[in-house]
Amino acid sequence: MRAWYPEFTAAAVYLGGPESACAQPNLSASWVRAVTGMGYALMPVYVGPQASCAGFSVRIRSGHAAAQGRAAALAAIARAQQLGMGRGTPIYDDLEAYDGRNSRCRTSALAFVDAWTRALH
């Protein structure tokens with residue numbers, strides 16, 4: 001991070017989630033303090049369930065989308081708190097591309113994101 005600063009001043013940080021592609025063994029509260037102390041802004045990202053029509057193993061289920069959105073947001077908040085990211089920190093949900101023409105898929109994805117946003121607030 002030192003080598004890239006000041007050319008870069010922000011970095012996305014994957015908090016985890018059921019569809020996270022890799023572990024983050026070096027991500028800790030002390031690392032967050034160190035890099036924010038250098039001047040970096042962090043963008044925490046959570047990789048939760050994906051759209052029902054996408055090719056992922058953990059998917060948003062029609063009829064359960066709002067509950068899944070709330071649960072994912074609460075898990076992301078808990079992880080951000082463990083890392084020392086305080087109240088008011090924006091947390092992004094990484095919802096990958098899906099077929100928006102599929103109304104059932106689109107409706108459940110939107111319900112998930114709506115519940116996610118409401119739970120964060």
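The link between C53 and C105 in this predicted model is left-handed, with -70 degrees about the S-S bond, and the two sulfur atoms of C53 and C105 lie 2.1 Å apart. A disulfide is a covalent bond between the sulfur atoms of two cysteines, and it is counted here where a pair of cysteine sulfur atoms lies within 2.5 Å. By this rule the count comes to one disulfide. Because C53 lies in the loop between β2 (41-46) and α2 whereas C105 belongs to helix α3, the pair ties together parts that are 52 residues apart in sequence.

Residues are numbered from 1 along each chain as its sequence is written. As the model is predicted, local features need pLDDT of at least 70 and side-chain atom pairs count only at pLDDT 80 or more, whereas totals for chains, interfaces and linings use all residues, and side-chain values use heavy atoms, with hydrogens and water left out.

The C-alpha trace of the chain spans about 45 × 25 × 20 Å along its principal axes, and of its 121 residues 31% are buried. Among contacts with a separation of 6 or more, 77% are accounted for by residues 24 or more positions apart, a contact being defined by heavy atoms within 4.5 Å.

A search of the whole structure finds two salt bridges, each defined as a side-chain nitrogen of Lys or Arg within 4 Å of a carboxyl oxygen of Asp or Glu. In one of them D114 is paired with R118, with the closest N and O atoms 2.9 Å apart; these two residues are four residues apart in helix α3 and are therefore separated by about one helical turn. Within this pair, D114 is partly exposed at 38% relative accessible area, and R118 is exposed at 61%. D99 forms a salt bridge with R101, where the closest N and O atoms are 3.0 Å apart. Here D99 counts as partly exposed, with 32% relative accessibility, and R101 as exposed, with 74%.

The largest pocket has a volume of about 270 Å³. On a 1 Å grid over the protein atoms alone, a pocket is an open set of points where a 1.4 Å probe fits, with protein on both sides within 12 Å along at least five of seven lines, and lining residues have an atom within 4 Å of a point. Grid points are joined across faces, edges and corners, and the volume is the space filled by probe spheres set on the points. Residues lining the largest pocket include I77, M85, R87, L120 and H121. Two or more lining residues come from each of α2 (65-82) and α3 (103-120), and the largest share, three residues, is from α2. The lining divides into six nonpolar, five polar and one charged residue, where Ala, Val, Leu, Ile, Met, Phe, Trp, Tyr, Cys and Pro count as nonpolar, Asp, Glu, Lys and Arg as charged, and the others, Gly among them, as polar.

Technical notes:
Buried < 20%, exposed > 50% of the residue type's maximum accessible area, 1.4 Å probe, protein only.
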